[in-house]
Amino acid sequence: MRTLSGIQPTGSIHIGGYLGAIKQWVELQNKGECIVFIADLHALTTPQDPKTFSQKTLETAVELLSSGIDPEKCIIFVQSQVKEHTELAWILNTITPIGELERMIQYKEKSKQFKDSVNVGLLDYPVLQAADILLYQVDSVPVGKDQSQHLELTKTIAKKFNQKYGETLKVPEALVLDMGGKIMALNDPKKKMSKSFPETCLFLFDEPEVIEKKVMTAVTDTGKTIEYDTAKKPGISNLLTIYSLFSGKTMKELEKEFKGVGYSKFKRRLAAMLTEKLEPFRRKKKELMQREVYVKEILERGRKRAEIIAQSTMAEVRQKVGLLS
Ligand code: ATP
Ligand code: MG
């Protein structure tokens, strides 16, 4: 089985991206062929500082390697370094109706968030994402719940291409977790935790005192009981989800353990558990931040391996579409 997924270098990785997506990638790399890339071209659809952007891309690579992505088991590379992504995106653009893109939730949300820079790239984001995926003829794409709609569009585009030009692109399945697929903001359990809103995030590499502060000030619900009920208690349910996924304890076990315990004590225990579980991530990042040459070598090896697959698909696409060879 071949899987592929990506992450934007729009900021440090948070526990939502880890629990919803990266943790799945780390498990899948032991089961089959796993491809991971840093979506720097996607990140350019929102404002980025050219002076620091390449450093952010490198730091995202460091953070992925610190989160358990193993370059011996995975292909890890930077999207803009494999030119076929933009080449295929252009061809897919020509079979994608604008209306399909205009109804994408992420487009609507991000055009509100960045209302002074609503660019064509923001609208076209899902087509480039379709190209990222379809180039590698993958079986599945492990992503957070927020990407489900984009994955449906990828499938629609693949089928449309195959119908028009003959069977060429593999139609992939999204792998979305029921639990962890959408981790909510600590300061507002109605919003998704997102890198582009740093105030919503508990970062995977936050220092112990920061973890403590963010957890202790997390928004909770009225009442006193520690119960999993996403409708009535979205704040506590989100904290319980995080607790369960990092500790390996089931929701039932946690509800039993925290019966009669107040919110404040529960949060203190959660902060302590997270501080301990995230320690290896912080340690690895500090080590890898000193090894830029090594990290660049890994990305270069990844680029070469990715390019072989991407070029093979692109050669077939060019021939099927009838481009002059
Ligand atoms: P941005 O705000 O820049 O879009 P992001 O926080 O949404 O950043 P991405 O790089 O866009 O992070 O997403 C990387 C992966 O993490 C995707 O598969 C996405 O679905 C997943 N993901 C992001 N946020 C969450 C979350 N809060 N819960 C679960 N999965 C998430
Ligand atoms: Mg996102």
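# Exercises on a predicted model

A polar backbone atom of Q8 sits 3.0 Å from an oxygen atom of ligand 1. This is a predicted model, where local features need pLDDT of at least 70, side-chain atom pairs count only at pLDDT 80 or more, and totals for chains, interfaces and linings use all residues. Residues are numbered from 1 along each chain as its sequence is written, chains are lettered from A and ligands numbered from 1 in the order in which they are written, and side-chain values use heavy atoms, without hydrogens and water.

## Exercise 1: Ligand 1

Find which residues come nearest to ligand 1, and describe the shell by class.

**Solution.** 
- Start with the polar contacts (pairs of N or O atoms within 3.5 Å). Q8 makes one through its backbone, at 3.0 Å.
- Next, take K110. One of its polar side-chain atoms is 2.6 Å from an oxygen atom of ligand 1.
- Then take G144. Its backbone N or O atom is 2.9 Å from an oxygen atom of the ligand.
- Now look at cover. On its own, ligand 1 has 600 Å² of accessible area (Shrake-Rupley method, 1.4 Å probe). The protein covers 96% of it.
- List the surroundings. There are 23 residues around ligand 1 (a heavy atom within 4 Å). H14, K110, D146, K195 and S196 come nearest.
- Sort the shell by class: 5 residues are nonpolar, 13 polar and 5 charged. Here Asp, Glu, Lys and Arg are charged; Ala, Val, Leu, Ile, Met, Phe, Trp, Tyr, Cys and Pro are nonpolar; the others, Gly among them, are polar.
- Finally, trace the elements (DSSP runs: helices H or I of at least four residues, strands E of at least two, numbered from the N terminus). β1 (2–7) and α1 (15–28) each give at least two shell residues. α1 gives the most, with 4 residues.

## Exercise 2: Helix α4

Which residues of helix α4 (residues 84–93) are buried, and why do they lie on the same side of α4?

**Solution.** 
- Apply the cut-off: buried means under 20% relative accessible area, exposed over 50%, partly exposed in between (1.4 Å probe, protein chains only). E84, H85, L88, A89, I91 and L92 are buried.
- These residues cover an arc of only 165 degrees around the axis, so they are on the same side of α4. The arc uses directions from the helix axis to the C-beta atoms.
- Recall the general rule. An α-helix has 3.6 residues a turn, so residues three or four places apart point the same way.
- Ask what the buried residues pack against (contact: heavy atoms within 4.5 Å). The partners are β3 (74–78), α7 (120–134), α8 (148–165) and α13 (292–321).

## Exercise 3: Two loop residues

Where do Q137 and G223 lie?

**Solution.** 
- Q137 is in the loop between α7 and β4 (140–142). Its phi is positive, about 50 degrees, although Q137 is not a glycine. Most residues other than glycine have a negative phi.
- G223 is in the loop between α9 (208–216) and α10 (234–247). Residues up to four places away aside, G223 touches K233 and Y263.

How values were computed
Polar contact = N/O pair within 3.5 Å; in protein donor to acceptor, adjacent residues only side chain to side chain.
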